[in-house]
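Hello,

Here is the structure I promised to pass on. Please have it open while you read my notes.

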Amino acid sequence: MPAVSVEISKVRKTFGPTVALADVSLRAFAGEVHAIIGGNGSGKSTLAKVISGVLIPDSGQVSILGKAATTPHEARELGISNVFQEVLVADECSVLDNLYLGADGLLGSSASKEERRATARSLMAELLGFDLDPDTVTGDLPLSVKQWITIARAMLTRPKVLILDESSAALDFESTERLFRKMREMKRHGVAILIVTHRIAELIRIADRATVLRDGRTVGTLEQGEITETRILSLIAGPEREKVQGSVSEARCQSDAPLLRMQEVRVWPDAAPFDFTLYPGEVVGITGLDGQGQADFVRAIAGVQPLPGGRVSIIRDRMAEVVTDLRSARDGGISYVSGDRKKEGIFANLGIFENMMLPVYRAYRTGGWLNLINRSKMLPDFEWEASKLAVKMGAPDNLITSLSGGNQQKVLIARAFAEKPTVLVLNDPARGIDIGAKLDLYRNLREFAARGNAVVFLSSEIEEFLNLCSRVHVFRNGAISADFVPPFDGHVILNAMFGRKPTASLPGEAVADEEASRHAHEDGVTLIPAHFPPTTTEDGRPAARPVRLMAAGQKETSLNQSGFFLNATDIPQGAVVPERFAEDSRISPRLVWSGVPQGTLSFALAVTDPDLPAELNFPRSFAHWLAHDIPGHIRELPEGASGSLAMPLGAIELNSDFVTFRIPGFGRGWGGPWPPDRQHRYVFTLYALKVARVALSADADLAGFAAAVLPVAIDQASFTAVYGPARKALPNASPTSAEPTRRTA
């Protein structure tokens with residue numbers, strides 16, 4: 001049996017009146033990935049800091065490799081490395097300096113700078129998938145690369161216990177896959193890895209065991225076969241919440257008399273006008289790809305921002321009152337909750353009570369002109385609203401920053417309910433909160449609507465609509481492009497977001513071949529058949545069917561943390577590249593992107609193959625398409641753009657690696673997939689750059705491309721497709737005889 005690396009027994013940790021850990025026990029073994037799961041405020045991050053010596057428990061036993069660490073230095077000496085939830089880097093320093101930050105003793109380092117440079121370059125290339133100059137200034141790199149630096153910093157210490165606290169939050173699917181491969185390698189060397197994450201699908205794939213926390217207590221330990229979404233949900237949310245959640249009826253329209261009407265509105269000056277009417281009893285879902293106008297729409301309803309055209313009216317006693325700003329919206333009974341609690345929500349220097357009740361102080365004034373507040377009369381309302389959403393807190397006067405992020409969000413939602421609105425407008429309020437908090441929110445929204453009120457609910461999670469909304473509107477190009485009523489089909493709604501046909505295959509729904517299926521099952525993924533038979537109700541709407549849960553990492557492939565999205569209309573995520581784009585074809589696929597980061601002046605594109613045969617002895621991925629200086633206003637490359645006049649003016653295409661290997665018939669631009677031996681992956685990556693032009697020589701290869709592009713990248717979006725084995729051999733080339741030689745096309 002493996003040795004015990006981490007032993008936690010009955011640990012308690014408080015911060016003043018706040019109990020972060022009440023009674024936590026955990027045992028992790030050498031050579032395993034042990035997940036720590038729980039809702040917001042359950043104590044996950046606090047436990048990680050206790051294990052790594054950052055925090056000292058009030059009581060209980062902590063044993064790491066048979067010893068206890070009381071300081072981070074002692075933890076490091078024991079072989080513990082913690083990658084914290086925050087991306088902790090020094091932006092002014094180089095990548096090399098950041099990687100070895102804190103590694104030197106009083107008398108300096110025993111390793112030379114050149115040895116450090118070589119080690120750093122090798123590890124970062126393994127983690128990133130491309131070469132990165134260690135002298136690059138860290139502040140010039142995108143968030144995902146900064147996250148890799150913090151992970152690599154921990155790995156360079158050769159830890160015996162590695163703690164990853166939400167460390168994949170800034171990583172896309174391909175990056176997460178590389179992290180998983182490195183974690184499996186470390187497991188084989190006996191490292192105990194503790195991973196804290198909200199991405200349940202990731203846990204199912206990588207975790208050997210999982211400890212579940214609720215309200216600062218251990219409520220269960222799951223073995224690998226028991227780690228399922230249903231089981232985790234049951235432990236995190238608790239049976240009481242699930243029972244209450246299921247007891248509330250679905251939202252539905254109660255009257256033909258509207259509560260709110262929008263006429264000939266435009267959310268953008270150049271967008272198409274549309275109408276929108278909201279009725280009592282409704283919970284209306286609003287969704288779309290990032291940057292399609294849905295956020296502007298809900299903010300306009302609440303008076304947070306003006307509309308370029310049209311009118312918003314609240315209907316009371318059959319009279320229409322125009323909403324022109326935030327004050328008129330609130331006077332009309334509209335309350336707004338933002339998903340960005342730090343920027344648009346909390347007052348960090350005030351207590352929990354003040355944050356929740358501040359908007360209703362005016363209603364509790366006393367003392368005439370003195371404007372005194374009768375707090376004793378407000379307290380029952382405070383306690384009632386807090387209990388409805390199960391806000392986990394200490395004393396009401398504690399600073400709101402003493403709460404976890406999820407509980408802060410609950411306070412903001414409770415604040416909106418306390419205003420006693422008629423219309424509640426929610427701008428992605430559940431982003432970043434746990435499943436238990438979501439269940440409480442959904443139940444309260446349905447109860448609120450059932451009392452004759454209405455809700456406008458914007459969300460990026462389609463699953464949130466399925467058992468909550470009375471209708472759903474999809475936004476594209478600044479206007480409502482599709483409408484849905486129950487029973488909802490997540491497949492059809494997602495296709496509407498992409499502008500696809502309802503029956504089109506979704507990302508991840510294509511099983512490439514028998515070998516790909518076998519590899520996927522080895523990684524614990526259940527692949528879904530490519531097509532579902534279309535079924536409809538009598539009136540022609542899509543019939544209900546069980547909700548298909550996305551494969552692990554799929555969402556992160558399409559929508560990264562910032563919402564920057566890349567899509568090939570004919571190649572869903574994980575699908576086989578169609579033959580018309582492959583081998584000796586010169587036709588490049590259509591690519592579309594959205595959610596472009598602010599400040600983007602140009603784009604760079606790379607399509608690479610990371611699965612080259614070992615006998616080629618090629619030190620990097622094979623480049624099939626490299627392009628840069630794509631103008632910042634461009635949002636798509638049409639089919640066949642490469643090498644034609646359809647390529648945007650000013651864009652520059654580089655040689656593919658077919659040129660490097662002297663394979664005839666190829667030059668600049670798209671070199672379609674052509675693996676002669678087996679199935680390979682093809683990674684499509686688009687970089688949003690903060691410069692209009694990149695200095696690259698005409699014969700630059702992938703390494704030169706990465707060195708020039710990464711330091712000026714704001715963000716990146718990617719997806720992966722597969723192809724192979726090839727239908728025929730490469731012309732005048734074989735894997736055993738090919739010798740990479742640089743030349744221009």
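The model is predicted: local features need pLDDT of at least 70, side-chain atom pairs count only at pLDDT 80 or more, and totals for chains, interfaces and linings use all residues. Residues are numbered from 1 along each chain as its sequence is written, and side-chain values use heavy atoms, without hydrogens and water.

An open, mixed sheet has six strands, ordered β15-β18-β19-β12-β20-β21. (Strands are DSSP runs of E, at least two residues, and helices are runs of H or I, at least four, numbered from the N terminus; two strands pair if DSSP finds at least two bridges between them.) β15 (334-338) and β21 (479-484) are the edge strands, each with a single partner, so one side of each has no neighbour in the sheet. The twist averages 20° from one strand to the next. β20 and β21 run antiparallel, joined by five bridges. Asp483 in β21 stands opposite His473.

Ser459 sits in the loop between β19 (454-458) and β20 (471-476). Ser459 is buried, at 2% relative accessibility (buried is under 20% relative accessible area, 1.4 Å probe, protein chains only). Its contacts (heavy atoms within 4.5 Å) include Ile286, Asp428 and Phe465, leaving aside residues up to four places away in sequence.

A second open sheet is antiparallel, with three strands in the order β22-β23-β26. β22 (565-568) and β26 (636-637) are at its edges; each has a single partner strand, so one side of each lacks a neighbour in the sheet. Four bridges link β22 to β23 (591-594). Phe565 has Ser594 of β23 as its bridge partner.

Best wishes

Note on methods: Buried means under 20% relative accessible area, exposed over 50%, partly exposed in between (1.4 Å probe, protein chains only). Axes are lines fitted to C-alpha atoms, for helices over the stretch in contact, and angles run from 0 to 180 degrees between N-to-C directions.
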